[in-house]
Amino acid sequence: PKAKANRHPKKEGIALSNHVAFADAQMLPRVYPCRRIRMVVGDIVYRNNGSLMHFWLKEAHVLHVSDAEADPSLSFTSLIEAKELLRCHALLGIFPEGKINWDGAMGKFYTGAAGLALLSGAPLYPSVTLRKYRPFHFQYVVVGDPIDLRAELQTGETLSKPTLERLAKLLEDKLKSLREEGERQL
């Protein structure tokens with residue numbers, strides 16, 4: 001019952017997951033079946049995968065983000081759009097590793113999800129895919145309790161790069177422990 005309740009978030013939030021295969025973007029909406037998820041997609045995927053993929057991503061209404069150093073105006077515009085979507089009770093899907101880890105290991109998390117969660121006040125809904133996707137095989141996904149990063153801020157701590165890096169590491173550790181718990185149960 002607890003896992004089922006975690007799969008049905010009633011308000012806005014950020015669905016956070018590890019990224020082990022191309023199919024993860026199709027699996028995440030199945031984890032939260034009662035909600036439409038707007039996936040967050042980086043520049044490399046959005047612009048550099050040919051016209052068919054670009055067309056499909058536009059039709060899927062993904063939220064296109066860019067590295068702040070590469071394109072500050074797009075980064076700022078994306079942040080405003082993400083905050084507005086969260087204000088309208090949307091569920092955003094983010095892979096905080098920023099890329100697929102083909103070996104199945106969990107990579108280092110970027111700070112974008114932590115920063116967006118703090119700026120918007122939205123909770124994070126963690127989930128972990130346990131195995132790489134293989135056609136015609138079961139896919140196991142573990143769903144954890146919602147995370148409120150505002151509760152993790154220390155007294156007097158500001159929204160700075162070291163703070164975001166610490167919180168991204170905290171999220172990485174929480175998802176790793178969720179993965180270990182799921183593998184023990186499997």
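Trainee: Which residue in β5 is the bridge partner of Leu16?

Mentor: In β5 that partner is Pro126. This is a predicted model, in which local features need pLDDT of at least 70, side-chain atom pairs count only at pLDDT 80 or more, and totals for chains, interfaces and linings use all residues. Residues are numbered from 1 along each chain as its sequence is written, and side-chain values use heavy atoms, with hydrogens and water left out.

Trainee: What makes β1 and β5 a pair of strands?

Mentor: Strands are DSSP runs of E with at least two residues, and helices are runs of H or I with at least four, numbered from the N terminus. Two strands pair if DSSP finds at least two bridges between them.

Trainee: Which residue of β4 stands opposite Leu16?

Mentor: Ile94 does. β1 and β4 are joined by four bridges and also run parallel.

Trainee: Why is β1 called largely enclosed?

Mentor: Buried means under 20% relative accessible area, exposed over 50%, and partly exposed in between, with a 1.4 Å probe and protein chains only. Five of the five residues of β1 are buried, so the strand is largely enclosed by the rest of the structure. Gly13, Ala15 and Ser17 point one way, Ile14 and Leu16 the other.

Trainee: What do the buried residues of α7 pack against?

Mentor: They pack against β1 (13-17), α6 (112-120), β5 (124-129) and β6 (141-143), where contact means heavy atoms within 4.5 Å. Among these buried residues are Leu164, Leu167, Leu171 and Leu175.

Trainee: How do you know that the span of α7 agrees with its length?

Mentor: The expected span is 1.5 Å times one less than the number of residues. For the 25 residues of α7 (residues 161-185) that gives 36 Å, and the end C-alpha atoms are 36 Å apart, so the two agree.

Trainee: What makes the phi of His89 worth a remark?

Mentor: Its phi is positive, about 65°, although His89 is not a glycine. Most residues other than glycine have a negative phi. His89 lies in the loop between α5 (72-87) and β4 (91-94).

Trainee: Which helix gives the largest share of the lining of the largest cavity?

Mentor: Helix α2 (residues 24-31) does, with four residues. On a 1 Å grid over the protein atoms alone, a cavity is a set of points where a 1.4 Å probe fits but cannot get out, and lining residues have an atom within 4 Å of a point. Ser17 is one of the lining residues, as are Phe95 and Val141.

Methods
On a 1 Å grid over the protein atoms alone, a cavity is a set of points where a 1.4 Å probe fits but cannot get out, and a pocket is an open set with protein on both sides within 12 Å along at least five of seven lines; lining residues have an atom within 4 Å of a point.
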